[in-house]
Amino acid sequence: MFSQDMRIERINYVSYERHPSHFGSFSDYSQKVTHNELIYKFDGKIDITFGDESFIEEAKCVRFLPLTDRRINYTCRTIEPSEYVYFSFDSVGAPDKMIRKNIAHSEKLEQLFMRLYHSWIMRQDGYYHHCMSIAYEILAELERQSYLPQEKFDKLIPAIKYIEDHLTDDIDFSNLHKLCSMSYTYFKQLFIAKYGMPPVKYVTKLRMNIACEQLANGMLSVGEISDMLGYANLHYFSRLFKSEIGCSATEYRNKHKIK
C-alpha cells in the first residue's frame, strides 16, 4: 500500500469519530487536504466522492487521502451509521493519490488504530514517540496482510466460537487446536496469520475491549469489571489493563466516561 521509502515526519492529530447520521445525511468536506490522512472504518456504509472518484465504502476498510495544493471535491452521504479512527500526518514519500484497501483479516489493524488513538488522547509521558511507533506498526501491518484463502481461516471457527462462549472462563489454550482438528503448531501459525497475535493475546485484547466499554459506561466499579471478566485478582487485572491500554482503569474512566 505504501512505499518502503515513505517516512512519517510529524503526527498532527488522531481522532475517533462516530457518525450516527440517518440515511441520506450529506457532508461536504471539499477543501485543500493539507495533510496526509489515514482512515480506518470499523463499521457502517457511506457513499464517498473524492475528486473524480465515487464509491461505496463499507466496514473494515482503510482509506489514504493525500495532501493537495488545490481545492478538491470531497463529499460523504450516509447509508449506514459509521465509526472511524482518523490519523493525520506529514510525511516524505507518501502516495500522491487516494488509496483504498479492504482488510480481510482486520483484527490486529483495528487494535493498532485504537491503541494509536488511546495513546494520543491520554498524553502519558513519551506518548508522542509511542504514537509514532504504533503508526509504523500500522504501516507494516498494511504491508503484512495475509492473502491465505478464506477457507483456511474458516478452520479456526470452532476455536473462535469456543473463545466467544467462554470469554470470561479459565480457557485451556493448550487444547484449542483439538477443536479444529489440527496440530498445535499449525493452529497457532494459522491463528497468528488471521489475528496477528497468539490466542492468549487475542483473548486478553477482547477482555480489555469489554473493560473499556464498561469503564466508559460507568455502571460498574473496577473491581466488578475485573470479576466479570474472570480476573479474581484485581491487582493483576489493573496491571494487565495498563499494559494493554497504556493508562490505569481509573484514568481511562475519567477520560471516557459517558456523560
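**Stop one: a helix crossing**

Select helix 1 and helix 10 (residues 249-256): their axes come within 11 Å and cross at roughly 85°. Helices here are DSSP runs of H or I with at least four residues, strands are E runs of at least two, and both are numbered from the N terminus. An axis is a line fitted to C-alpha atoms, for helices over the stretch in contact, with angles running from 0 to 180 degrees between N-to-C directions. Helix 1 and helix 10 are therefore roughly perpendicular (65 to 115 degrees; under 35 is roughly parallel, over 145 roughly antiparallel, and the rest oblique).

Now show side chains at the contact (heavy atoms within 4.5 Å). Helix 1 brings Tyr-117, His-118, Ile-121 and Met-122, while helix 10 brings Glu-251, Tyr-252, Lys-255 and His-256. By type, the residues of this contact split into four nonpolar, two polar and two charged. The nonpolar class is Ala, Val, Leu, Ile, Met, Phe, Trp, Tyr, Cys and Pro; Asp, Glu, Lys and Arg are charged; the others, Gly among them, are polar.

A word on the ground rules: this is a predicted model, where local features need pLDDT of at least 70 and side-chain atom pairs count only at pLDDT 80 or more, while totals for chains, interfaces and linings use all residues. Residues are numbered from 1 along each chain as its sequence is written, and side-chain values use heavy atoms, with hydrogens and water left out.

**Stop two: salt bridges**

How many salt bridges does a search of the whole structure find? The search turns up nine, each one a side-chain nitrogen of Lys or Arg within 4 Å of a carboxyl oxygen of Asp or Glu.

Pick Lys-108 and Glu-141, whose side chains meet in a salt bridge at 4.0 Å, N to O. Lys-108 sits in helix 1 (residues 107-122) and Glu-141 in helix 2 (residues 127-144), so this pair ties together parts 33 residues apart in sequence. (Buried is under 20%, exposed is over 50%, and partly exposed is in between, with a 1.4 Å probe and protein chains only.)

Next, select Arg-115 and Glu-137, which form a salt bridge at 3.4 Å, N to O. This pair also links distant parts of the chain, with Arg-115 in helix 1 and Glu-137 in helix 2, 22 residues apart. Arg-115 is partly exposed at 24%, and Glu-137 is partly exposed at 29%.

Jump to Glu-244 and Lys-201, where the salt bridge is 2.8 Å, N to O. Glu-244 belongs to helix 9 (residues 234-245) and Lys-201 to helix 7 (residues 199-217), so the pair ties together parts 43 residues apart in sequence. Glu-244 is buried at 11%; Lys-201 is partly exposed at 35%.

**Stop three: a strand residue**

Go to Ser-88 in strand 6 (residues 74-92). Is Ser-88 buried or exposed? Ser-88 is buried, with a relative accessible area of 1%. Leaving out residues up to four places away in sequence, Ser-88 touches Arg-10, Ile-11, Asn-12, Tyr-13, His-35, Asn-36 and Glu-37.

**Last stop: zoom out**

Color by secondary structure to see ten helices and seven strands in the protein chain. The C-alpha trace spans about 55 × 45 × 40 Å along its principal axes. Buried residues make up 46% of the 259 residues.
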